[in-house]
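User: I would like to work through a structure and learn how to read its features. Can we take them in turn?

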Amino acid sequence: MLKVVNLCKEFEKTVKTGRKTKKQEFLAVDHVCLEAKRGEIIGVLGPNGAGKTTLLRMLGNLMTPTEGEIHLYDKEEKEIEDIIKRKEAIGYLSGNTKLYPRFSIREYLTFLGQVYKMEQQEIEKRIEELVSMFSMEEFVDNRIDKLSTGQTQRASICRCLMSDPDLYILDEPTLGLDILSADTIINFMLEQKKAGKTILYSTHYLEEAEAICDRIYMICQGKIVAQGSPSYLMEATNSETLRTAFRRIYGKAMENN
Amino acid sequence: MNNNKSLLKILFLKEIRDILRDKKTLVIMVLVPLLLYPAMIIGITLILSQMENRQMENTYQVSYQAKDESIVSKLRDSYEEIKEEEELSLQFLPGEQEEREGGVTLEISEEKETPEMVLSYNATNQDSVTAHSQLKKVVEHYKEKALEKRLEDEGLAKDFLTPFVIQSKNEATDTETMGFSIGGSLGMLLITTIMMGAFYPTVDVLTGEKERGTLETLLTLPVSNFQMILSKFLAVSLFACASAVLSILSIGGSLGFLLNSVEKMYEGETLGIDFSSFFSFLPILLIVVIITALLLTAVSMCFCIFAKSFKEANNYFTPVMLIIMFASMASLLPSVELGGKTALIPIVNVSLLLKAVMAQNLSYTLAMITIVVNFVYSILIVWVLAKIYCSENVLFQDGFQSFTLFEKRSDIKRGTIPKTGDLILAAAVLLLLILYSGIGIGVRSQMAGAVVNQCMILGMPLLLIWYMKLDMKKIFSCNKPAKKKMLAAVLLYVGIFCLTMILSAFLMKWMPESTGNMETAYEELLTYPMVLLLTVAALMPAIGEELFFRGLLFGSWKLRLGPVKAMLLSSLIFGAFHMSLVKFLPTALLGLCFSYITWKSGSIYPGMVLHFINNLFSFFTMKYSEEIAKLLPILTKTELAVGETVVLIMIGAVCVVLGVLFLEGQKKQRL
């Protein structure tokens, strides 16, 4: 589905040496290789500023990598080259992908359906499906700026689902949600996995990752420091929970630096 | 293609809906033109008419001081005679006036042989001013009568003192006169309205997308940047047009309403203004509005694209707004008319065009040029915007990373290649400097203007070389040229020169307005000594322009965008720098030729030499036009015969093909 080879992204930062400030290049994403297969949930974990968002942005075609290759394959395992076609195949969600506040959810989803070149009937059918899936009957016709956080997040998930993409890239989708709303989103991910979709997602909630991820990539300062299934990572670090494994892996990574 | 079109429509409709739901923007766009303009126009007229009414009803006091009351009584008689006709209302009272404000004082002294009348009034008080003017009419009438009486006493005829009668006659019709006086301010009003109508929706649609955090969402859609920008551009332009049309309607409507009521008041008397003649200009007015809306939308988008918030957008746009308003006032300047040069300056040309439309002396060629020029500017800006919009620097960081120039010099590494942002900024600044120095210095002394211009063109690349620590060899191609290629370069240049001659002749035939008289234009310049002339007119441009256009622009773009794009871009800018519609294409072609030579020979020097020869050549044809006309008449002709054209095309084509072949072929041998 997705194969990433030696992906790099260079940024500039200001460094102070003595009295002088100087600009210096650094790699926010440093030679990252990863792979995601059909029907997998992949977790991307790491502390703040590790480069998770930059990595996911590049995978979502919002940023161009400084170096490296991203290969995306369709259902027939043919590579998709065209950037527009790539975007069609990806559902991208992050804390920064907000919805137009002056539209109602129904209007917004209709607009999306048109952009994805769906037929009018298809659009209406899809919206009804999504509305019942996320029980949004009560507020589907409200303007988005009038919705609560949980309602908005459900609407955002619907945005990704509208075009029925093959690959979901979700940047901290459960951030700041109550347990019930978070459960809706986790259930959605598990259901999509069943439907053979691939999900790549970053989170800070390790219990959640432990429960649903098939494989996990841990990133520190742009580099992948550990990868494998949650059980493998716990075994390798001799920990009982992913939380402890996380602490041990990062403790070691920081020491090495 | 069909899919793309419908996608554009979907995006466009989304933008329209989004703008329409923003109440604040709507208020500015709809309520302001619909309510404010009529309120202003009608309000001001009401105040003026009230003032007039009061003046008509008021009786003004004339306090007089005179030893001999007989003069006063004669004045009174005069007043009685003309008060009906002139609508005067005065009251003559003896003694000093206590409250001097509202009236006028008349002092009559008869100490000298000729009696003296002093009319004292207060110029800051409207009543006093009116009283003064009324009294003056009375006094003048009295003077006339006294004169008549004297003539009669002497036995002379009444017209003894009037050997002839002077009458002034306005050749323009009342309609034209009114159009002229309205036309001056129409441009400013309209351009300001369109600017407001364009700016607020632009902020909403571009900056708002960042502010509300919906930009990243938009980028996940399977839509190209060009479609995104174009849909936004079209939606905002539509609103800018709508607000302009609304203001025209509301201004026109309230003026019409006023004039209608005035005509009713003075029944039977018409104002002599034929409104139907203005209606025939409505189509062109509409086109002008649309084209201005396109341009101003593009300009505001330029600035809003970098802004992260409404406040930032406002900060960036305020200076631009002032410049636009200043440019829109061009029509208020008395001697500035729409011509070959002014038609090329955006905003200014619109403002002048509107003035010409209203005064009904519009040239349709110039109108076409204005429309095309503004349209081309808009398209160019939108194209550049679409390029910028995909730059993640603009999207996720501050936009200034598109410029290396804004970095500290110590941060810039040796051997950097200037970014497109730097190059466009350098070209724009240089163009503005040349324009301003043209106004400031060039008008006074052509020589000084030319020297300053050439120094600036030379100085800009040198400044960048120093500041950005540019590599002279890599970017500016300061290498030894291959000797074998010199001949090919000369061949190519000769071919291109023949082609430019045909092109110039063709363009001059189509756009005679923008040619101007070359010989008289440079008359002052030709009085200077030969060595100085050749340095300024041939040598300095050859070095400076080659360094800037072929060195900096072509050289940097070649490394960033590839040689073909670099050739096209740098030549277009080279053409634009000559600021003349007729010269644009021929110069661009010449630029293409020089940059090709620089590219293929790997050196800037052959281009410099050929540029120098070219300048020398055009300088001599200008200075010794008569002698050259005898020797080689084809060089000075403005119109070419069919046979000559064919021969020139043949020679040109053969030389170009051979030149290109040699330049290309020798490179292959080397490889």
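## Reading pockets, cavities and helices

Analyst: We can begin with accessibility. At 22% relative accessibility, Leu259(B) counts as partly exposed, since buried means under 20% and exposed means over 50%. This is a predicted model. Leu259(B) belongs to helix α7 of chain B.

User: How far apart are Leu259(B) and Thr105(B) in sequence and in space?

Analyst: Leu259(B) and Thr105(B) are separated by 154 residues in sequence and by 38 Å in space, C-alpha to C-alpha.

User: Which residues lie nearest the centre of the second largest pocket?

Analyst: Ile251(B), Gly252(B), Leu255(B), Gly256(B) and Leu259(B) lie nearest its centre, out of 43 residues that line the second largest pocket. The elements of chain B that give two or more residues to this lining are α2, α5 (174-211), α7 (225-265), α8 (276-279), α9 (282-304) and α11 (348-358). The most comes from α7(B), with 14 residues. The volume of the second largest pocket is about 1500 Å³.

User: What classes of residue make up the lining of the second largest pocket?

Analyst: The lining of the second largest pocket has 34 nonpolar, eight polar and one charged residues.

User: α2 was in that list. How is the length of a helix checked?

Analyst: The expected span of a helix is 1.5 Å times one less than its number of residues. Helix α2 of chain B (residues 23-57) has 35 residues and should therefore span 51 Å; its end C-alpha atoms are 48 Å apart, which agrees.

User: Where does α2(B) bend?

Analyst: The bend in α2(B) is about 45 degrees and falls at Val32(B), with a proline, Pro33(B), following within four residues. Pro33(B) is also one of the buried residues of α2(B), along with Thr25(B), Met29(B), Tyr37(B), Pro38(B) and Ile41(B).

User: How does one find enclosed space in a model?

Analyst: Rolling a probe the size of a water molecule over the atoms shows where empty space is left. In this structure the count comes to two cavities of 30 Å³ or more.

User: Which residues line the largest cavity?

Analyst: The lining of the largest cavity consists of Ile90(A), Gly91(A), Tyr92(A), Leu112(A), Tyr116(A), Arg159(A), Cys160(A), Ser163(A), Thr220(B) and Leu221(B). The volume of the largest cavity is about 60 Å³, and by class its lining has six nonpolar, three polar and one charged residues.

User: What lines the second largest cavity?

Analyst: Gly60(A), Asn61(A), Arg86(A), Lys87(A), Ile90(A), Tyr92(A) and Thr220(B) do. At least two residues of the lining come from each of α2 (83-89) and β5 of chain A. The second largest cavity holds about 30 Å³ of space. Its lining has two nonpolar, three polar and two charged residues.

User: Now the backbone. What is the phi of Asn6(A)?

Analyst: Asn6(A) has a positive phi of about 50 degrees, although it is not a glycine. Asn6(A) sits in strand β1 of chain A (residues 2-17) and, at 36% relative accessibility, counts as partly exposed.

User: Is Ser477(B), with its 5% relative accessible area, buried or exposed?

Analyst: Ser477(B) is buried, because a relative accessible area of 5% is under 20%. Ser477(B) also has a positive phi of about 50 degrees without being a glycine. Its place is the loop between α15 (446-467) and α16 (483-510) of chain B.

User: What contact does the side chain of Thr237(A) make?

Analyst: The side chain of Thr237(A) makes a polar contact with the side chain of Ser239(A), at 2.6 Å. Thr237(A) is in the loop between α8 (230-236) and α9 (242-256) of chain A and counts as buried at 17% relative accessibility.

User: And where is Val656(B) found?

Analyst: Val656(B) is in helix α23 of chain B (residues 642-670). With a relative accessible area of 19%, Val656(B) is buried. Val656(B) and Asn125(B) are 531 residues apart in sequence and 78 Å apart in space, C-alpha to C-alpha.

Terms used. Residues numbered from 1 in each chain as written. Chains lettered and ligands numbered in written order. Predicted model: local features only at pLDDT ≥ 70, side-chain atom pairs only at ≥ 80, totals over all residues. Heavy atoms only, no water. Buried < 20%, exposed > 50% of the residue type's maximum accessible area, 1.4 Å probe, protein only. Bend = angle between axes of the 7 residues up to and from the residue. 1 Å grid on protein atoms, 1.4 Å probe; cavity = no way out; pocket = protein on both sides within 12 Å on 5 of 7 lines; lining within 4 Å. Points joined across faces, edges and corners; volume = space filled by probe spheres on them. Nonpolar A, V, L, I, M, F, W, Y, C, P; charged D, E, K, R; others polar. Polar contact = N/O pair within 3.5 Å; in protein donor to acceptor, adjacent residues only side chain to side chain.
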